[in-house]
Amino acid sequence: MALKDELEKMKDLAGKRLPSDVLSMMEQATKDLAATGIAARAAAKGKVFPGMTLKNALGKPVSLGALYMETPLIVTFYRGAWCPYCNLELRAYQAILPEIKAAGGQLVAVTPELPDGALTSVERHGLEFEVLSDEGLALAGVLGLTFELPAKLAAIYGKIGNDLPKLNGTDDWVLPVPATYVVGTDGRIALANVEVDYRDRMEPRTALKALKETITQAA
């Protein structure tokens, strides 16, 4: 099943489970975020991807620059282990990981959660690729992906156990919009996809196609 179909099922389920006022608030927050123009301001194709060093799920430093200088890289940003839409996406990427490796590329996922949260995602979904902790949303901030959750929505998240400041080790309710980048060995972004609506994600096979094209062009 395509990721899009799984996401649609999740949307339908959320629509049935969430109170109508909460659902309306979430949808309005998404519209307001889109109106800020965050997607247009985020790092785009052709820009240099930051070669920052982040900790992986075991707390070990991983240099993104070293990774993409070795082989083209897919980098996908997700909100956290608490997000069901993100979990669907992570599992979809795990499903095509053998194809990514066979093509000669690598895959990493980036979350604002502390390494313990990243480890939760790795263990829960049997992920065999690096999940990196973007502490303080430093990388997401440089790429222009961060936004602050509206106060009313933050209160709802807190009530259902998604205490973002605690999970992310910050003092605020800041998240990255979901985004996926394909980065060539020259550090240039070959594909950039930014989703203002957290319920929508690019198909992993689209990233795989761009990765293969990047590898072919570099040959």
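Biologist: Hello! How many salt bridges does the count come to?

Modeller: Glad you asked; please keep in mind that this is a predicted model. A pair qualifies when a side-chain nitrogen of Lys or Arg is within 4 Å of a carboxyl oxygen of Asp or Glu. By this rule the count is 7.

Biologist: Which residue does Lys-11 meet in a salt bridge, and which parts does the pair tie together?

Modeller: The N to O distance for this pair is 2.6 Å, and the partner of Lys-11 is Asp-200. Lys-11 sits in helix H1 (residues 3-17), while Asp-200 belongs to the loop between strand E9 (189-194) and helix H11 (204-218), so parts 189 residues apart in sequence are tied together. In short, helix H1 is joined to the E9-H11 loop by Lys-11 and Asp-200.

Biologist: Is Asp-200 buried, partly exposed or exposed?

Modeller: Buried means under 20% relative accessible area and exposed means over 50%, with partly exposed in between. Asp-200 has a relative accessible area of 27%, so the class is partly exposed.

Biologist: Where in the chain are the two residues of the Glu-89 and Arg-201 pair?

Modeller: These two form a salt bridge, with the closest N and O atoms 2.8 Å apart. Both Glu-89 and Arg-201 are buried. The pair links distant parts of the chain, 112 residues apart: Glu-89 is in helix H5 (residues 84-95), and Arg-201 is in the loop between E9 and H11.

Biologist: Which residue forms a salt bridge with Asp-197, and what is the relative accessible area of that partner?

Modeller: Asp-197 is buried, at 16% relative accessibility. The closest N and O atoms of the pair are 2.9 Å apart, and the partner is Arg-199. Arg-199 is buried too, and its relative accessible area is 17%.

Biologist: Now to Thr-111. Why does Thr-111 count as buried?

Modeller: Thr-111 lies in strand E4 (residues 106-111). Leaving aside neighbours within four places in sequence, Thr-111 is in contact with residues including Tyr-78, Arg-79, Gly-80, Val-131 and Leu-132. The cut-off for buried is under 20% relative accessible area. Thr-111 counts as buried because its relative accessibility is 0%.

Biologist: And Thr-206: how far is this residue from Gly-187 in space?

Modeller: Thr-206 is found in helix H11 and, at 37% relative accessibility, counts as partly exposed. Thr-206 and Gly-187 are 19 residues apart in sequence, and from C-alpha to C-alpha they are 19 Å apart.

Biologist: Stepping back to the chain, what radius of gyration does it have?

Modeller: The chain contains 11 helices and 9 strands, and its C-alpha atoms fill a box of roughly 55 × 35 × 35 Å along the principal axes. For 219 residues, a compact globule would have a radius of gyration near 17 Å. The chain agrees with that, at 17 Å.

Biologist: What share of the contacts with a separation of 6 or more comes from residues 24 or more positions apart?

Modeller: As background, 52% of the 219 residues count as buried. Among contacts with a separation of 6 or more, the share from residues 24 or more positions apart is 71%.

Biologist: Last one: how far apart are the centres of the positive and negative side chains?

Modeller: The chain has 24 positive and 27 negative side chains. The centres of the two sets lie apart by 3 Å.

Conventions. Residues numbered from 1 in each chain as written. Predicted model: local features only at pLDDT ≥ 70, side-chain atom pairs only at ≥ 80, totals over all residues. Heavy atoms only, no water. Helix = DSSP H or I, 4+ residues; strand = E, 2+ residues; numbered from the N terminus. Buried < 20%, exposed > 50% of the residue type's maximum accessible area, 1.4 Å probe, protein only. Contact = heavy atoms within 4.5 Å. Rg over C-alpha atoms; globule rule 2.2 N^0.38 Å. Lys, Arg positive; Asp, Glu negative; His and termini not counted. Charge placed at Lys NZ, Arg CZ, Asp CG, Glu CD.
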